Each structure stands twice: as C-alpha cells, then as structure tokens.
Amino acid sequence: HKEERFDLVILDQNLPDGSGVELLEEGWFEDLAVLAVSSDEAPEIPGRTVRAGAAYFLSKVRVSESLFKPLVQGIIDRNRLQQEMTEIRLN
C-alpha cells in the first residue's frame, strides 16, 4: 500500500483534548511542514510552537484572507525544496 504524504499540516493550538504545541513536542508531525494557528494572543505561544517544530505560527486574529493562500503555498514549496535537498545529500 502506498504511504500517504501530506504537503502541510495546519495545526490549531486549542484542541478538544489538548494543545497543538504538545503534539509537536511529542514528535507527531516530525518531517512535516506545520503551520500552527491560534486565536490565543498569549505572547509565549508563537515562540514555543516554532521551537517545538512548526514551520510558521499564524494568529487567527491577524490573518488576512488575501495573504493566506500565498503563505500556505510558500510553506509547501519551501518544505518540498528542503526534502529535495535532503534526498540529494543522502544520495
């Protein structure tokens, strides 16, 4: 069976059974591009989330619809380039 591969994980920080940053810290999304989002304005959340492995952090309060699609596409493109570079180095 073919392994499913995601281009991007959009991870909310406030989940019904925990927090997105805890999932990142536990390694659930290792080697995947993660865009973490939250409506929580606590200043420590963005830094902790990025240190835990998210590619980017986006505040839901400040997101602009016109910038969201280019941001997501940029994250996906960057992750693909990083994966290609890693494969080249391994060969």
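Reader: How is accessibility to be read for Arg 80?

Author: Residues are classed by relative accessible area with a 1.4 Å probe and protein chains only: buried means under 20%, exposed over 50%, and partly exposed in between. Arg 80 has 38% relative accessibility, so Arg 80 counts as partly exposed. The model is a predicted one, in which local features need pLDDT of at least 70 and side-chain atom pairs count only at pLDDT 80 or more, while totals for chains, interfaces and linings use all residues. Residues are numbered from 1 along each chain as its sequence is written, and side-chain values use heavy atoms, with hydrogens and water left out.

Reader: With which residue do the side-chain atoms of Arg 80 form a salt bridge?

Author: A salt bridge is a side-chain nitrogen of Lys or Arg within 4 Å of a carboxyl oxygen of Asp or Glu. Here Arg 80 meets Asp 7, at 3.0 Å from N to O. Arg 80 belongs to helix α3 and Asp 7 to the segment before β1, so the pair ties together parts that are 73 residues apart in sequence. Asp 7 is partly exposed, at 37% relative accessibility.

Reader: How many salt bridges does a search of the whole structure find?

Author: The search finds four. One of them joins Arg 48 to Glu 25, with the closest N and O atoms 2.9 Å apart. That pair links distant parts of the chain, Arg 48 in helix α2 and Glu 25 in helix α1 (residues 20–25), 23 residues apart. Another is formed by Glu 41 and Arg 62 at 3.2 Å, N to O. Glu 41 sits in the loop between β4 and α2, and Arg 62 in the loop between β5 and α3, 21 residues apart. Arg 62 counts as exposed because its relative accessibility is 63%.

Reader: Which strands form the open sheet, and in what order?

Author: Two strands pair if DSSP finds at least two bridges between them. The open sheet consists of three strands in the order β1-β4-β5, with parallel pairing. β1 (9–12) and β5 (56–59) are at the edges, each with a single partner strand, so one side of each has no neighbour in the sheet. From one strand to the next, the twist averages 25°. Between β4 (residues 34–38) and β5 there are four bridges in the parallel sense, and Ser 38 stands opposite Ser 59 in β5.

Reader: At what angle to β5 does helix α2 run?

Author: Axes are lines fitted to C-alpha atoms, for helices over the stretch in contact, and angles run from 0 to 180 degrees between N-to-C directions. Helix α2 (residues 44–51) lies across β4 and β5 and runs at about 155° to β5.

Reader: Is Asn 79 buried or exposed?

Author: Asn 79, which lies in helix α3, is buried because its relative accessible area is 11%. Contact means heavy atoms within 4.5 Å. Leaving aside neighbours within four places in sequence, Asn 79 is in contact with Asp 7 and Ala 33.

Notes: Helix = DSSP H or I, 4+ residues; strand = E, 2+ residues; numbered from the N terminus.
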